[in-house]
Amino acid sequence: MLSELQQLGRAVKQAQYRQHRALESGLSAIGITLAQWDALRAISRTPGASARTLAAATFQSEQAFGALAGRLLAQGWVERRAGHGRRIEHHLTPSGKQVLRSGHKVADEVLAACFAPLSEKDRAALLVLLHRLSGDGDG
């Protein structure tokens, strides 16, 4: 029999998995993957950031983010610019900004459906608890 903590861990993973699949499906309809959209979000939040910073923000290795950034560059959604020293900065192109906006619309619809079983009060409480678990102090 699974312990209560194992059940809790599994329930969190199941919810995350359903959300991930729903987002991946919705975003694919506009021609972007969840990983690509997440990278565009990270670049939008920190224009000029290095690959190292963006890799950490998107929970990827630097090597994986570099490959992803190369695909974003090939799509015309991102541009790289020389920064201070050997640093390469990442910026969204106008096309990247448009894809990001479209992705936000999809994500809002998908996440509204994912969290529909919870009241606004329950969603707020869940957010506080998840912030507490992640240790980011916003809860």
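A salt bridge is defined here as a side-chain nitrogen of Lys or Arg within 4 Å of a carboxyl oxygen of Asp or Glu. The side chains of arginine 81 and glutamate 79 meet this definition, with an N to O distance of 2.4 Å. The structure is a predicted model, in which local features need pLDDT of at least 70 and side-chain atom pairs count only at pLDDT 80 or more, while totals for chains, interfaces and linings use all residues. Residues are numbered from 1 along each chain as its sequence is written, and side-chain values use heavy atoms, with hydrogens and water left out.

## Overall architecture

The protein has six helices and two strands; these are DSSP runs numbered from the N terminus, with helices (H or I) of at least four residues and strands (E) of at least two. Along the sequence the elements follow the pattern α-α-α-α-β-β-α-α. The C-alpha atoms fill a box of roughly 55 × 30 × 30 Å, taken along the principal axes.

Of the 139 residues of the protein, 26% count as buried. Relative accessible area under 20% is termed buried, over 50% exposed, and in between partly exposed (1.4 Å probe, protein chains only). Contact means heavy atoms within 4.5 Å. Among the contacts in the protein with a separation of 6 or more, 49% are accounted for by residues 24 or more positions apart.

## Salt bridges

The structure holds three salt bridges.

| Salt bridge | N to O distance | Relative accessible area |
|---|---|---|
| Arginine 41 and aspartate 38 | 2.6 Å | arginine 41, 27%; aspartate 38, 15% |
| Glutamate 62 and arginine 52 | 3.0 Å | glutamate 62, 43%; arginine 52, 56% |
| Arginine 81 and glutamate 79 | 2.4 Å | arginine 81, 39%; glutamate 79, 30% |

Arginine 41 and aspartate 38 are three residues apart in helix α2, and are therefore separated by about one helical turn. Aspartate 38 is buried, whereas arginine 41 is partly exposed.

The side chains of glutamate 62 and arginine 52 also meet in a salt bridge. Because glutamate 62 lies in helix α4 (residues 62-75) and arginine 52 in helix α3 (residues 51-57), this pair ties together parts that are ten residues apart in sequence. Glutamate 62 is partly exposed, and arginine 52 is exposed. In the remaining pair, arginine 81 is partly exposed, as is glutamate 79.

Two packed helices are described by the angle between their axes and the distance between the axes. The axes are lines fitted to C-alpha atoms, for helices over the stretch in contact, and the angles run from 0 to 180 degrees between N-to-C directions.

The axes of helix α2 (residues 34-45) and helix α5 (residues 94-114) come within 10 Å and cross at roughly 115°. Helix α2 is therefore roughly perpendicular to α5, a term that covers 65 to 115 degrees, with angles under 35 degrees counting as roughly parallel, over 145 as roughly antiparallel and the rest as oblique. The crossing of α2 with α5 is left-handed; a crossing is left-handed if the near helix is turned anticlockwise from the far one by less than a right angle, and right-handed if clockwise. Trp37, Leu40, Arg41 and Ser44 in α2 meet Gly96, Val99, Leu100, Gly103, His104 and Ala107 in α5. The residues of this contact comprise five nonpolar, four polar and one charged. In this classification Ala, Val, Leu, Ile, Met, Phe, Trp, Tyr, Cys and Pro count as nonpolar, Asp, Glu, Lys and Arg as charged, and the others, Gly among them, as polar.

Helix α1 packs with α5 at an angle of about 145°, with their axes 9 Å apart. The crossing of α1 and α5 is right-handed. In α1, the residues Gln19, Ala22, Leu23, Gly26 and Leu27 meet Gly103, Val106, Ala107, Val110, Leu111 and Cys114 in α5. The contact of α1 with α5 divides into eight nonpolar, three polar and no charged residues.

## Two loop residues

Isoleucine 32 lies in the loop between α1 (4-28) and α2. At 3% relative accessibility, isoleucine 32 is buried. Residues up to four places away in sequence aside, isoleucine 32 touches Leu27, Trp37, Leu40, Trp77 and Val99.

Phenylalanine 59 lies in the loop between α3 and α4. Phenylalanine 59 is exposed, at 77% relative accessibility. Its phi is near 60°, a positive value in a residue other than glycine.
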